[in-house]
Amino acid sequence: MRPDTGRKEKGMNWNHNIAPLLEKGSLTREEARKLLACAEEKEAVKKVTEEAVKIRKQHYGDKVFVRGLIEFTNYCKNNCYYCGIRRDNSHVSRYRLTEEEILECCASGYKLGFRTFVLQGGEDGWYTDDRMVWLVSQIKKTYPDCALTLSIGERSREAYQRFREAGADRYLLRHETARQDHYERLHPKEMSLANRKQCLYWLKELGYQVGAGFMVGSPGQTMDSLVEDLMFLQELQPEMAGVGPFVPHHETPFGKEPAGRVDLTLFLLSVIRILLPNVLLPATTALGTLDGNGREKGLAAGANVLMPNLSPLQNRKKYDLYDNKISTGEEAAECLSSLEKRVAKAGYRLVYERGDFAGRIV
Ligand code: 5AD
């Protein structure tokens, strides 16, 4: 006979472990720990997923928002151990779109129907605060009906304030992990979790809709780090949360590490949907990279945003954050009609409106 592994007891307890999330919609650290221990319990995951889908529906119906992603520079001064475009990766063919090229991306995106543009890039010194201010003002002047999201890493409070005054509406800055020791495992010593968090609080104070987030399954991650990630999201109350699996990139120090788990990512998406009911939650490209149906699965777990790529075709392969990053399928902006069909088949409706955070007047 197999020894008693305690499974039975765990099986009996899962209802109790998911109850705080389902009943209060918030978690203490201890409750979060117990909840995450249920990640392997099929029935528990099912119940949490059902609740997440219900809540998403209450707040956003069957809408899935699209954002046009413009990866405008892959130069980066940082050396994060997980990231394919880290400074020390000399195999990257570096590119930087000019301001004119970025404006052209917006023009073609606008024609396709996009009403949110996300300017994402490495931390590239060429794009000084002044250049960014000019670019933001140009885009907002040309497309006053569009939302503009920046995702260009850590800058000064003053810079964030200037971008905001120039018209930027939203800012994505994943915190990557909320545990100090784990942060140090993922980043060289010149980077700090404290500064990352400080940036997020500044952005909030300045009135941005803010997106934080983390990778699932990054090297050194434990259930305790995920608990801290949930605690941090709960404290920050971001309007958006970017959560996707870690995917190794062969030219990084983590090239031989295993990828994050798709099922755990999906469970976390559901938990976050319940913790932050009206959060804008993308089904990420990383999820779609690890699993051909990853993004549909993300939507079925509570996600409600997709971010097709608007960058010029010849540059896409170069924005190589991790291996096999998809770039010419339905995540590509030219393939919107096939994306629309896929989303409809999954039971949702792709919409082009700027899709602000529900519950806040902007
Ligand atoms: N796997 C998955 N996500 C990654 N990112 C960077 N490198 C990887 C990787 N190897 C994510 C980071 C960053 C976002 C732009 O891409 O979380 O914030």
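This is a predicted model: local features need pLDDT of at least 70, side-chain atom pairs count only at pLDDT 80 or more; totals for chains, interfaces and linings use all residues.
Residues are numbered from 1 along each chain as its sequence is written, and side-chain values use heavy atoms, with hydrogens and water left out.

By that criterion, the ligand is surrounded by Tyr82, Cys83, Arg174, Glu176, Met215, Pro245, Phe246, Val247, Leu321 and Tyr322. Polar contacts are pairs of N or O atoms within 3.5 Å. Ligand oxygen atoms lie 2.9 Å from a side-chain N or O atom of Arg174 and 2.6 Å from one of Glu176, while a ligand nitrogen atom is 2.7 Å from a polar backbone atom of Val247. Of the 400 Å² of accessible area that the ligand has on its own, the protein covers 88% (Shrake-Rupley method, 1.4 Å probe).

Turning to the pockets, each is an open set of points on a 1 Å grid over the protein atoms alone, where a 1.4 Å probe fits, with protein on both sides within 12 Å along at least five of seven lines; lining residues have an atom within 4 Å of a point. The largest pocket has a volume of about 220 Å³, the space filled by probe spheres set on the points. Among its 13 lining residues, Val45, Thr49, Asp263, Leu266 and Phe267 are the closest to its centre. Because domain 1 (14-50) and domain 2 (64-351) both contribute to this lining, the largest pocket lies between them; the domain bounds come from an automatic or database assignment.

How values were computed: A residue is near a molecule or strand if one of its heavy atoms lies within 4 Å of it. A polar contact is a pair of N or O atoms within 3.5 Å; within protein, one must be able to donate a hydrogen and the other to accept it, and residues adjacent in sequence count only if both atoms are side-chain atoms.
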